[in-house]
Each structure stands twice: as structure tokens, then as C-alpha cells.
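The sequence and coordinates come first.

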Amino acid sequence: MSNTEAAPAELACGDRPTAADPEHPAVEVLTPREVPLGGPRAMRVRRTLPQRSRSLIGAWCFADHYGPDEVTGPGAMDVAPHPHTGLQTVSWLFAGEIEHRDSLGTHAIVRPGELNLMTGGHGICHSEVSTAATKTLHGVQLWVALPERHRHTARAFDHYVPSVNRIEGAEIRVFLGSLAGRTSPIPTYTPLLGAELVLGPDAHMSLGVDPRFEHGVLVDTGDVDVAGTRVRAAELGYVGTGVRSLTLSNRGSAPARFLLLGGTPFDEEILMWWNFVGRTHEEIAAFREAWQAESDQFGSVTGYEGTPQRLPAPALPAVRIKPRHNPGSSQEARHG
């Protein structure tokens, strides 16, 4: 699931961590906005990152949460080859399957509980199609911004199936980083955490976390109390750095499922537009021109049989893409 908006917003992101009381951390609740992807029959997703109040959590810069959606017939997912630069895509499913093809030559099936991480770096393109056997699609699409020294790295693809760690009434799958004694073998370019947690009914746990990290709890099903603040389904609860332990509670009568995302604050300003992450307006314009010209920068996908054979880039905004910053952030103060 990539950003197929016909008129994507331009975003320049430069978060700073929110100071947190280690004993009683403040929790900022982010409400998603609904975004249609493509035409009138396209899936609608709930986007919690980026938004005006917060652009990144660590290097996590984009989060689309979708489903459960019926995807049979005209409702099937069929995203033609499209480009990426300066980022990694993380696909995580709760239900259904997606066929992935990319210009590295990868042909993979994305399945529930399995990490598929694609590194765009200097440039890559890929297609995503729900499989014929898929009746319901439900999951999360995440992007990770690459730091300056690595953002032109070579394209890559990694697959990993995390084991289930059962503790304190919870099931934990760690797909990136380390948590609760489990570590993913997949390397990252900045310190990151990505994990799926399922809390049983009336379960309560105190989860040790890295105090250098800021964290986000993206709730899929149920309601979760994060450090005493209720975070409801489809919302994201943000906690700043300095916290060594997160208290998580499910006071409902059914299991609650959520993703825990974290990382050290990303101290570089990034510019996001369509499926590109760059640093300047000129760079984004050059990426778009290269894609439209079918440049070797992105390569090509073989085996995709849909129409069109590749997604055209939207038109650039009529005015220069300008930075946006978090309200009250040190960036905003510095730039006025």
C-alpha cells in the first residue's frame, strides 16, 4: 500500500521529542484522517503519520492503517509499479495476502505476521496486488526515513517471520529492533522498534523500553490505556523520550491489538511528496522528472499484468514546496 493520492500534500518534517516525566509520561493522542487511494472504488486508509501536530516518531514518517476491507472483484488491491526514494517501506498484515514485485527482481507474498521491508534508497519501484485467494485485507503500511548518509543506498528487500513471545497476558511479535528479550535480525539505518502486541481481556503489563526512544502506540482493535491515557481503535498514542517502562492495559472483554513503534528522534529535516522522501524542492522535482522519463534510477518491474503498466506521477504543486513544522517546535521558532 503506497501513497497513490492524486494530489499529495507536501510535507517537510523536523520533529523534536516531547519531554516526558519518566514516572508519569504525557501521552499525545493523534487522531487519523481518512484518505482515499486512487479512484472512487479505491480503498480508504486511516493516516496517522504525518500530520500537522507530529511528523515523525523516530524515523517512522508515514503510517496508513486500513481494513478490514472486502477486496474481491472490483474492490481488489491493484497498485501498478510506482517509485520510492530515500525511504524504506514496511508492510505488516493482520489478514489477507499481497503479491509484491519490485525492480530488484523480488517476487514475494506478504502474509499476516510476516515482515516485508523494502529499501528504496537511491531509487526503486514496485507493484502491489491482493492475491486471488484474499477476501479480506487488513493491515498497516509504514515508511521509515533514511538518514542523510544512507539515503542513496542501494535498493534491497528483506523478509522475516518473528516468533511469538508470550508474557504477562500478551503476545508480542518483534519485527524490528529489540523488545522484551527478543531481537529482530533485520538491520536498520537508525535505531528503531517495530512490534505487534495483542493484550488479552483485562490484561495489564509494564513493558521495559529504551529511554532514548520516543514511542507510538497505533491501536488496531479494542482500546488500550497507555500510561493511564485511553487510546482508541485507529488512534495513535505518542510518548516522548526518557521513559524506561510503558504501562499498557486492556480493560475490554476482547483482545486488543496494536503496533508499538519507536526510535531515537530523527534530527534531520525531510521533505515528503507523493512516494518520495528528499531534502529540497529541487530534489523532489528531479525525482519526479526521472520517474516520468522512465529513468534507470528506479528500474522496472517484470511480471506485473495490470493496467496501466506504471503509475504516472501527479503534477507538482503550482508553488514551491515549503516546509511545515510541528506547532511550537524549536524548528518553527527558528524559521519563524
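The model is predicted, so local features need pLDDT of at least 70 and side-chain atom pairs count only at pLDDT 80 or more, while totals for chains, interfaces and linings use all residues. Residues are numbered from 1 along each chain as its sequence is written, and side-chain values use heavy atoms, with hydrogens and water left out. Helices (H or I, at least four residues) and strands (E, at least two) are DSSP runs numbered from the N terminus.

**Salt bridges**

- A salt bridge is a side-chain nitrogen of Lys or Arg within 4 Å of a carboxyl oxygen of Asp or Glu; the count for this model is 18.
- E34 and R44 form one of them, with the closest N and O atoms 2.6 Å apart. E34 belongs to strand β3 (residues 33-36) and R44 to strand β4 (residues 44-49), so the pair ties together parts that are 10 residues apart in sequence.
- Burial classes rest on relative accessible area: buried is under 20%, exposed is over 50%, and partly exposed is in between (1.4 Å probe, protein chains only). E34 is exposed at 52%, and R44 is partly exposed at 41%.
- R47 and D64 meet in a salt bridge with an N to O distance of 2.7 Å. R47 sits in strand β4 and D64 in strand β5 (residues 60-70), 17 residues apart, and the pair links distant parts of the chain. Both R47 and D64 are buried.
- R101 pairs with E99, the closest N and O atoms being 3.1 Å apart. R101 is buried at 18% relative accessibility, and E99 is partly exposed at 23%.
- One network, joined by salt bridges that share partners, contains E148, R151, E268, R279 and E283.

**Nonpolar cores**

- In soluble globular proteins, nonpolar side chains tend to be buried together.
- A nonpolar core is a set of buried Ala, Val, Leu, Ile, Met, Phe, Trp, Tyr and Cys residues joined through side-chain atoms within 4.5 Å. The largest has 34 residues, and W60, V90, L115 and L259 have the most contacts inside it.
- Elements that each supply at least two residues of this core are β5, β7, β10, β12 (136-145), β15 (170-176), β23 (236-239), β25 (256-263) and β26 (270-273). The most comes from β12, with 5 residues.
- Which residues does L115 contact, leaving aside its neighbours within four places in sequence? With contact taken as heavy atoms within 4.5 Å, the partners of L115 are V90, S91, W92, D158, H159, Y160, F175, L176 and I186.

**Cavities**

- Rolling a probe the size of a water molecule over the atoms shows where empty space is left.
- On a 1 Å grid over the protein atoms alone, a cavity is a set of points where a 1.4 Å probe fits but cannot get out, and lining residues have an atom within 4 Å of a point. Grid points are joined across faces, edges and corners, and a volume is the space filled by probe spheres set on the points.
- There are 3 cavities of 30 Å³ or more. The second largest cavity holds about 80 Å³.
- The second largest cavity is lined by 12 residues, of which S91, H100, V110, N116 and E128 are the closest to its centre. Two or more lining residues come from each of β7 (87-95), β8 (98-102), β10 (115-119) and β11 (124-130).

**Backbone exceptions**

- Most residues other than glycine have a negative phi, and most peptide bonds are trans.
- The peptide bond from L49 to P50 is cis, with omega near -5°; P50 lies in the loop between β4 and β5.
- G67 and P68 are also joined by a cis peptide bond, with omega about 0°. P68 is in strand β5.
- E168, not a glycine, has a positive phi near 50°. E168 lies in the loop between β14 (165-167) and β15, and is partly exposed at 47% relative accessible area.
- E294, not a glycine either, has a positive phi of about 55°. E294 is in the loop between α1 (281-292) and α2 (330-335), and counts as exposed at 54% relative accessibility.

Definitions and conventions. On a 1 Å grid over the protein atoms alone, a cavity is a set of points where a 1.4 Å probe fits but cannot get out, and a pocket is an open set with protein on both sides within 12 Å along at least five of seven lines; lining residues have an atom within 4 Å of a point.
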